[in-house]
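Here is a protein chain to look through step by step.

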Amino acid sequence: MASSQSLALAVLFSFLSCNASLASSDGFLQCLSAAIPEQLLYTQSSPSFSSVLVSSIQNPKFFTPSTVRPLVIITPTNASHVQATVVCGRQNDVRIRVRSGGHDYEGLSYRSKRPEVFAVVDLATLRSVSVDQKAATAWVDSGTTIGELYYAISKASILLAFPAGLCPTTGVGGHFSGGGLGMLLRKYGAAIDNVLDATLVDAKGRLLDKQTMGTDVFWAIRGGGGQSFGIVLSWKVKLVPVPPRVTMFSIPKSVNEGAINILTKWQEVAPALPEDLFIMAIIKKQVAKFQSMYLGTCDALLLLMGTRFPELGLNKTHCKEMTWIQSVPYIYLGNTATVEDILNRTTSMNSFSKATSDYVRQAIPKDTWVQIFTWLAKPEAGIMIMDPYGGKMSSYPESATPFPHRGGVLYNIQYMNFWSAATDGSVRTKWLKDFYTFMAPYVSQNPREAYVNYRDLDLGENVVVGNVTSYQAGQVWGQKYYKGNFQRLAMAKGEVDPDDYFRNEQSIPPLVASKRQ
């Protein structure tokens with residue numbers, strides 16, 4: 001396979017040398033056509049362009065007449081197509097954005113906020129999963145969804161799992177690139193903590209693995225965000241053991257039922273519980289819902305909760321025992337969903353949304369929770385989703401991966417708001433911004449931390465100076481996502497992509513050796 005890819009690239013470079021004068025959009029398309037089958041290319045004039053573009057758009061606010069759209073969408077079926085796209089793009093000054101599942105909260109995997117000529121490499125056709133049950137490892141392509149990965153693992157063994165997110169339609173590529181958080185995080189950490197190897201196409205079109213990309217770049221792709229260091233095509237991951245049965249529960253508590261007192265206790269108890277137990281909290285209007293996974297039986301869970309968190313009032317009727325793979329549709333799709341439903345890649349285009357995030361390191365006082373519920377009672381209010389840390393998640397040093405939110409974090413908060421196409425969303429987004437401002441005294445500070453997979457361009461955007469992203473400007477948002485790891489990320493970027501070919505509104509800027517002071 002490697003020799004055929006090398007031959008294809010050699011032919012492509014020969015084509016480029018004879019056509020250097022076509023450094024333009026037309027030149028880019030001609031270059032692609034010489035190296036990639038026509039049926040894998042969708043230009044704006046193609047009848048299928050819109051359907052392919054919208055195929056994994058998760059937020060319809062980024063599919064409007066004013067959206068800056070790609071010149072062409074490339075749907076590669078092997079690594080050589082991706083390599084050729086990068087080489088053609090470099091030669092013709094056309095940048096590339098990369099989409100695996102389309103869940104980027106700001107749509108940066110398929111749209112540009114500012115006018116520019118760019119192409120999208122859509123990895124949806126690169127979605128194979130190869131599980132080695134004996135070694136408890138798997139190779140997974142970046143275009144695979146989390147649901148497809150989980151399903152493939154379960155077919156190999158119901159006693160193996162992988163610690164990644166809850167939403168089954170999320171693409172592995174972007175999810176892993178930012179961290180990857182789910183209900184196993186307290187037991188096994190984030191997805192990136194369980195990545196063993198990867199294949200990457202860099203800005204020169206080279207196909208690299210862990211050894212050939214080097215220590216710094218391999219570190220950077222595991223949590224440094226997607227689309228900065230190249231295009232990760234596949235990941236080798238370590239699978240983790242789970243018991244034959246896990247226990248799930250979902251308990252709603254209204255303000256009148258003591259939600260404020262329970263939340264005040266939850267925020268200190270949940271991060272300190274045994275790592276086999278994960279209890280998240282979702283607040284909507286005047287109700288807090290506590291959703292949980294326990295790696296054990298209902299009877300054992302009842303004993304534990306009776307001792308550590310009796311305020312929640314868990315009893316046997318709340319418990320639902322099932323296999324780990326059955327818990328995936330149960331927690332995200334509902335109790336009537338089947339395991340096969342997690343294979344559904346269909347996109348819902350019903351609601352627009354906006355999100356941002358916070359990290360809490362000191363428990364929020366009870367009287368502040370009273371005020372929080374006042375904010376959530378407003379007609380235009382959104383929701384809060386809170387994941388407890390502690391356990392394995394908090395055991396790693398901040399510098400172990402680019403994802404720095406480790407020891408000392410009690411929980412993270414995701415704020416989200418939704419609206420329909422019938423409104424402009426301004427009232428809903430204003431509520432989100434105002435509530436975010438209100439929360440400032442109660443969350444992490446200097447920097448006010450945020451999670452890159454809950455991307456928010458309101459935290460800051462890149463500034464390009466001399467055709468290279470400014471490191472100084474990038475620090476504004478970069479410190480929030482990465483804390484002290486931002487500089488090392490920029491140095492890794494300077495090593496693998498010093499010319500800043502892979503860039504977007506929040507990509508890592510290159511910090512080259514001459515500028516390191």
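Two strands are said to pair if DSSP finds at least two bridges between them. The model shown is a predicted one. With that rule in hand, take strand S16 and strand S18 (residues 411-419), which pair in the antiparallel sense over nine bridges. Within this pairing, Lys-354 stands opposite Asn-417 in S18. Strands of a sheet pair through backbone hydrogen bonds, and the sense can be parallel or antiparallel.

Now widen the view to the whole sheet. It is open and has seven strands, in the order S15-S12-S14-S13-S17-S18-S16, and the pairing is antiparallel. Which strands stand at the edges? They are S15 (320-322) and S16 (352-360); each has a single partner strand, so one side of each is left without a neighbour in the sheet. On average, neighbouring strands of this sheet are turned by 20 degrees against each other, direction ignored. Helix H13 (residues 366-376) packs on the sheet, where it touches strand S13 (277-284), strand S14 (287-294), strand S17 (383-388) and S18. The direction of H13 makes about 140 degrees with that of S17.

Next come the empty spaces. Rolling a probe the size of a water molecule over the atoms shows where such space is left. In this structure there are two cavities of 30 Å³ or more. The largest cavity has a volume of about 110 Å³. Its lining is made of 14 residues, and Tyr-150, Gly-165, Met-183, Trp-324 and Val-328 lie nearest its centre. Helix H12 (residues 324-333) gives the most to this lining, with four residues. By type, the lining of the largest cavity has eleven nonpolar residues, three polar and no charged.

The second largest cavity has a volume of about 30 Å³. Among the residues that line the second largest cavity are Met-183, Arg-186, Lys-187, Glu-275 and Asp-276. How do the residues of this lining divide? Five are nonpolar, none is polar and four are charged.

Last, the aromatic rings. A pair of such rings is described by the distance of the centres and the angle of the planes. Rings whose centres lie within 6.5 Å count as a pair, and by this rule there are 21 aromatic pairs. One example is Phe-435 with Phe-438: their ring centres are 6.2 Å apart and their planes are at 10 degrees, so the pair is stacked. Phe-435 and Phe-438 are separated by about one helical turn, because they are three residues apart in helix H14 (residues 426-439).

Definitions and conventions:
Residues are numbered from 1 along each chain as its sequence is written. This is a predicted model: local features need pLDDT of at least 70, side-chain atom pairs count only at pLDDT 80 or more; totals for chains, interfaces and linings use all residues. Side-chain values use heavy atoms; hydrogens and water are left out. Helices (H or I, at least four residues) and strands (E, at least two) are DSSP runs, numbered from the N terminus. Axes are lines fitted to C-alpha atoms, for helices over the stretch in contact, and angles run from 0 to 180 degrees between N-to-C directions. Contact means heavy atoms within 4.5 Å. On a 1 Å grid over the protein atoms alone, a cavity is a set of points where a 1.4 Å probe fits but cannot get out, and a pocket is an open set with protein on both sides within 12 Å along at least five of seven lines; lining residues have an atom within 4 Å of a point. Grid points are joined across faces, edges and corners, and a volume is the space filled by probe spheres set on the points. Ala, Val, Leu, Ile, Met, Phe, Trp, Tyr, Cys and Pro count as nonpolar, Asp, Glu, Lys and Arg as charged, and the others, Gly among them, as polar. Rings of Phe, Tyr and Trp (its six-membered ring) pair if their centres lie within 6.5 Å; planes under 30 degrees apart count as stacked, over 60 as edge-to-face and the rest as tilted.
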